[in-house]
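Subject: A structure for you to look through

Dear colleague,

I am handing over the structure we spoke about, and I would be glad if you opened it beside this message. Below it you will find my notes on what turned up.

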Amino acid sequence: MKTLYTASATTMGGRSGHVKSDDGVLDLELSMPKELGGQGGKKTNPEQLFAAGYSACYGSALQIVAKKRKVELGDFSVTAEVSIGKTEEDDLQLSVVLDTYIPGVNIETGESLVNEAHEICPYSRATRDNIDVTLNLMLDDEEE
């Protein structure tokens with residue numbers, strides 16, 4: 001792999017600690033969600049950070065695919081829902097649902113764009129065959 005960019009962040013104290021990027025742009029307190037036995041509150045957690053990164057990266061992959069196919073995305077959005085749960089073996093496991101909203105696109109075009117973006121997105125490629133990822137195309141009422 002020819003490296004184009006490297007990000008670096010260090011976390012002190014795990015899920016209830018502090019994370020900071022090497023350039024200081026990311027500088028956040030972390031907390032364990034109440035659902036996992038933590039205090040919760042107005043602090044972020046690894047699942048939220050993963051959801052933010054995945055939705056942004058997948059959105060960029062969608063833009064690449066749409067540009068190549070000359071499809072206008074309009075005010076599109078991608079929402080990533082990252083869940084943490086337990087497997088039958090009692091191991092912790094992630095799953096992701098990607099809801100992609102593309103206004104004004106028909107179902108066939110939208111599904112094709114969503115699937116192709118999933119093929120080229122680095123997050124999707126990194127998680128393929130490791131976690132369940134569900135792709136949803138969200139449409140305006142008149143496009144359904």
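A salt bridge, as the term is used here, is a side-chain nitrogen of Lys or Arg within 4 Å of a carboxyl oxygen of Asp or Glu. Please keep in mind that this is a predicted model.

With that cut-off, arginine 69 and glutamate 116 count as a salt bridge, because their closest N and O atoms are 3.1 Å apart. The pair links distant parts of the chain, since arginine 69 sits in helix α1 and glutamate 116 in helix α2, 47 residues apart. Glutamate 116 also meets the side chain of lysine 68 in a salt bridge, at 2.8 Å from N to O, and this pair ties together parts of α2 and α1 that are 48 residues apart in sequence. Lys68, Arg69 and Glu116 are thus linked in a network of salt bridges, in which lysine 68 counts as exposed at 58% relative accessibility, whereas arginine 69 is partly exposed at 36%.

The structure holds four salt bridges, and another of them joins arginine 15 to glutamate 47 at 2.4 Å, N to O. Arginine 15 lies in the loop between β1 and β2 while glutamate 47 lies in helix α1, so the pair ties together parts that are 32 residues apart in sequence. Here glutamate 47 is buried, with a relative accessible area of 10%, and arginine 15 is partly exposed at 24%.

Helix α1 itself has 24 residues and reaches 34 Å from its first C-alpha to its last, which is close to the 34 Å expected. Asparagine 45 caps its N-terminal end, with a side-chain oxygen 3.0 Å from the backbone nitrogen of glutamate 47, and just after the helix lysine 70 takes a positive phi of about 60°. Serine 55, which is also in α1, counts as buried at 17% relative accessibility, and its side chain reaches the backbone oxygen of alanine 52 at 3.2 Å. What covers the buried residues of α1 includes β4, β5, α2, α3 and β6.

Finally, the structure holds three aromatic pairs. One of them, between phenylalanine 50 and tyrosine 123, is tilted, with 5.7 Å centre to centre and 45° between the planes; phenylalanine 50 is in helix α1 and tyrosine 123 in helix α3, 73 residues apart. Ring pairs link Phe50, Tyr54 and Tyr123 into a cluster.

Methods: Residues are numbered from 1 along each chain as its sequence is written. This is a predicted model: local features need pLDDT of at least 70, side-chain atom pairs count only at pLDDT 80 or more; totals for chains, interfaces and linings use all residues. Side-chain values use heavy atoms; hydrogens and water are left out. Rings of Phe, Tyr and Trp (its six-membered ring) pair if their centres lie within 6.5 Å; planes under 30 degrees apart count as stacked, over 60 as edge-to-face and the rest as tilted. Helices (H or I, at least four residues) and strands (E, at least two) are DSSP runs, numbered from the N terminus. Buried means under 20% relative accessible area, exposed over 50%, partly exposed in between (1.4 Å probe, protein chains only). A polar contact is a pair of N or O atoms within 3.5 Å; within protein, one must be able to donate a hydrogen and the other to accept it, and residues adjacent in sequence count only if both atoms are side-chain atoms. The expected span of a helix is 1.5 Å times one less than its number of residues. Contact means heavy atoms within 4.5 Å.
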